[in-house]
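Please read them with the structure open.

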2 protein chains.
Amino acid sequence: MNEKKIKKSEERCTLQEILDVIGGKWAMSIIYALFPGKKRFSELERMISGINTRMLVKELKNMEENKIVTREVFATVPPTVEYTLTEKGKKLEPIINELYKWGLEYVG
Amino acid sequence: MNEKKIKKSEERCTLQEILDVIGGKWAMSIIYALFPGKKRFSELERMISGINTRMLVKELKNMEENKIVTREVFATVPPTVEYTLTEKGKKLEPIINELYKWGLEYVG
């Protein structure tokens with residue numbers, strides 16, 4: 001009984017850790033926007049309604065640290081910054097699609 | 001092209017609406033804790049490490065309004081409050097389990 005309790009509590013800690021990575025207000029919307037392929041910062045900003053520049057910078061930095069997106073800077077004038085999903089990030093596609101289907105049925 | 005853009009933007013709005021319902025810092029952890037069956041408020045509080053009473057009250061209220069959980073009050077002394085997942089909430093089980101598997105492979 002005690003062992004089970006500890007295991008359960010560890011499990012939930014891990015779920016919490018996962019949600020710290022992708023459970024923010026914007027992370028899944030950004031990942032969703034990146035499913036079709038790489039996007040410039042300015043494109044993401046236009047695509048995700050309601051997000052502001054500061055939040056998008058912060059979320060993308062967090063997602064880069066967590067290896068969900070990669071960031072490439074091109075030496076154009078002005079510089080171009082492009083974001084791409086990593087393999088780890090791409091693995092979320094079926095899950096976010098299922099979540100989206102759930103939402104269409106039950107929320108929207 | 002324009003039509004597609006508008007459609008895409010609408011889609012993302014809806015995903016954002018979905019995330020407003022279940023994308024908070026704690027919602028998925030609460031749903032996860034309720035998968036095995038109904039739980040008292042005090043049990044949820046113990047099960048979800050790091051959450052405080054105020055946040056749990058707030059999240060459960062939000063989830064009740066969004067028909068993800070139902071709340072039952074029993075006239076014991078002191079009163080007992082129990083929470084159960086609705087059918088809508090239970091439909092999230094495979095999705096959250098997949099998210100959890102993703103996390104075990106890539107985060108934990």
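1. To begin with a local feature, B:P78 lies in the loop between strand 2 (69-74) and strand 3 (80-85) of chain B, where helices (H or I, at least four residues) and strands (E, at least two) are DSSP runs, numbered from the N terminus. The peptide bond that joins B:V77 and B:P78 is cis, with omega about -5°. In chain A, the bond from A:V77 to A:P78 is likewise cis, with omega near -5°, and A:P78 is found in the loop between strand 2 and strand 3 of that chain. Most peptide bonds are trans, and most residues other than glycine have a negative phi.

2. This is a predicted model, in which local features need pLDDT of at least 70 and side-chain atom pairs count only at pLDDT 80 or more, while totals for chains, interfaces and linings use all residues. Residues are numbered from 1 along each chain as its sequence is written, chains are lettered from A and ligands numbered from 1 in the order in which they are written, and side-chain values use heavy atoms, with hydrogens and water left out.

3. A:K67, in the loop between helix 4 (53-65) and strand 2 of chain A, has a phi near 55°, a positive value in a residue other than glycine. At 58% relative accessibility, A:K67 counts as exposed, given that buried means under 20% relative accessible area, exposed over 50%, and partly exposed in between (1.4 Å probe, protein chains only). B:K67, in the loop between helix 4 and strand 2 of chain B, has a positive phi near 60°, and B:K67 is exposed, with a relative accessible area of 57%.

4. How are the two chains related? A rotation of 180° with 0.0 Å of shift along its axis superposes chain B on chain A, with an RMSD of 0.0 Å, the superposition being by least squares on the C-alpha atoms of residues with pLDDT of at least 70 in both copies. That is the relation of a two-fold axis. The same surface serves both copies, in that 100% of the contact residues of chain B recur in chain A, where contact means heavy atoms within 4.5 Å.

5. Chain A has six helices and three strands, and from the N terminus on its elements run α-α-β-α-α-β-β-α-α. Of the 108 residues in chain A, 44% are buried. Among the contacts in chain A with a separation of 6 or more, 47% come from residues 24 or more positions apart.

6. The three strands in chain A form an open sheet with the order 1-3-2 and antiparallel pairing, where two strands pair if DSSP finds at least two bridges between them. Its edge strands are strand 1 (39-40) and strand 2 (69-74), each of which pairs on one side only. Strand 1 and strand 3 (residues 80-85) of chain A pair in the antiparallel sense over two bridges, and A:K39 stands opposite A:Y83 in strand 3.

7. Helix 2 (residues 27-34) of chain A lies across strand 1, strand 2 and strand 3 of that chain, running at about 95° to strand 3; axes are lines fitted to C-alpha atoms, for helices over the stretch in contact, and angles run from 0 to 180 degrees between N-to-C directions. Is this helix mostly covered or mostly exposed? Helix 2 of chain A is mostly covered, with eight of its eight residues buried, including A:M28, A:I31 and A:L34.

8. In chain B, the axes of helix 2 (residues 27-34) and helix 4 (residues 53-65) come within 10 Å and cross at roughly 75°. The two helices of chain B are therefore roughly perpendicular to each other, a term that covers 65 to 115 degrees. B:A27, B:I30 and B:I31 in helix 2 meet B:L56, B:E59, B:L60 and B:M63 in helix 4 of chain B.

9. Of the 68 residues in the largest nonpolar core, A:I22 and B:I22 touch the most other members, a nonpolar core being a set of buried Ala, Val, Leu, Ile, Met, Phe, Trp, Tyr and Cys residues joined through side-chain atoms within 4.5 Å. Not counting residues up to four places away in sequence, B:I22 touches A:L99, A:W102, B:A27, B:M28, B:I31, B:I68 and B:L92.

Key: Parallel < 35°, antiparallel > 145°, perpendicular 65-115°, else oblique.
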